Amino acid sequence: PRVMAAESLMIITRLSPHEAIAALHVPPRVLRTVAMCLQSALDRRQLANFAWRLSDVVEPLARLAAVEHNREGLGAGGALDQLMRAVAMASYNPFAAEPAQLKHCI
């Protein structure tokens, strides 16, 4: 159920304007699950029988992080550490197709 909530949140976040995202009050456990989705995308492993792609997770994370009241939950959930991994991958591995495509989100 937590992964479904995180996936739903990411879909809503991608489809919503900033004002609607700012009005969302996301439970910390869902933000932690989004961070877990990012970690599984970076590790290229499945989470809840789903193979997450960086593009599935980084854009919604960036949009969620643009709202101040989400930042603490994202940081506590480990999203910042995982985003730093994504930046490092984009910076140090120019031949990895997916991280390079994400530079506009990061």
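**Entry 1: Asp-43 and its partners**

I began with Asp-43, which counts as partly exposed at 33% relative accessibility. Asp-43 lies in helix 3 (residues 28–43) and Arg-85 in helix 6 (residues 79–92), so the pair ties together parts that are 42 residues apart in sequence. I note here that the model I am reading is a predicted one.

How far apart are the closest N and O atoms of Asp-43 and Arg-85? I find 2.6 Å, and the pair forms a salt bridge. Arg-85 has a relative accessibility of 32% and therefore counts as partly exposed.

I then looked up Arg-45. Its side chain meets that of Asp-43 in a salt bridge too, at 3.6 Å from N to O. The cut-off for such a pair is 4 Å, so 3.6 Å falls within it. Arg-45 is partly exposed, because its relative accessibility is 37%.

Which residues are linked into a network of salt bridges? I noted Asp-43, Arg-45 and Arg-85.

**Entry 2: the salt bridge at Asp-56**

How many salt bridges does the count give? The total is three. Apart from the pairs in my previous entry, I looked up the side chains of Asp-56 and Arg-53, which meet at 2.9 Å from N to O.

Is Asp-56 buried or exposed? Asp-56 is buried, because its 12% relative accessibility is under the 20% limit. Arg-53 has a relative accessible area of 48% and so counts as partly exposed.

I placed Asp-56 in helix 4. Leaving out residues up to four places away in sequence, I find that Asp-56 touches Met-10, Arg-14 and Phe-50.

**Entry 3: the nonpolar core**

I turned to the largest nonpolar core, which holds 25 residues. Those with the most contacts inside this core are Leu-9, Val-34, Leu-38, Trp-52, Val-57, Leu-61 and Leu-64. Which elements give two or more residues to the core? They are helix 1 (2–15), helix 3, helix 4 (54–65) and helix 6. Helix 3 supplies the largest share, with eight residues.

**Entry 4: Val-34**

Val-34 sits in helix 3. With a relative accessibility of 0%, Val-34 counts as buried, because the limit is 20%.

What does Val-34 touch once residues up to four places away in sequence are not counted? I listed Ala-6, Leu-9, Met-10, Val-57 and Leu-61.

I also looked up the spacing of Val-34 and Gly-77. These two are 43 residues apart along the chain, and their C-alpha atoms are separated by 8.4 Å.

**Entry 5: helix 1**

I checked the length of helix 1 next. Its 14 residues should span 20 Å at 1.5 Å a residue, and the end C-alpha atoms are 20 Å apart, which agrees.

Which residues of helix 1 are buried? I noted Val-3, Ala-6, Leu-9, Met-10 and Thr-13. Seen down the axis of helix 1, these buried residues fall within an arc of 120 degrees, so they line one face of the helix.

What covers the buried residues of helix 1? I recorded helix 2 (18–23), helix 3, strand 1 (46–47) and helix 4 among the cover.

**Entry 6: the whole chain**

I left the totals for last. The chain has seven helices and two strands. Read from the N terminus, the elements follow the order α-α-α-β-β-α-α-α-α.

How much of the chain is buried? Of its 106 residues, 39% count as buried. I put the accessible surface at about 6200 Å², with 57% of it belonging to carbon and sulfur atoms.

Conventions. Residues numbered from 1 in each chain as written. Predicted model: local features only at pLDDT ≥ 70, side-chain atom pairs only at ≥ 80, totals over all residues. Heavy atoms only, no water. Buried < 20%, exposed > 50% of the residue type's maximum accessible area, 1.4 Å probe, protein only. Helix = DSSP H or I, 4+ residues; strand = E, 2+ residues; numbered from the N terminus. Core = buried A, V, L, I, M, F, W, Y, C linked by side-chain atoms within 4.5 Å. Expected span 1.5 Å × (residues − 1). Arc of directions from axis to C-beta. Contact = heavy atoms within 4.5 Å. Areas by Shrake-Rupley, 256 points an atom, 1.4 Å probe, with all protein chains shown as cover.
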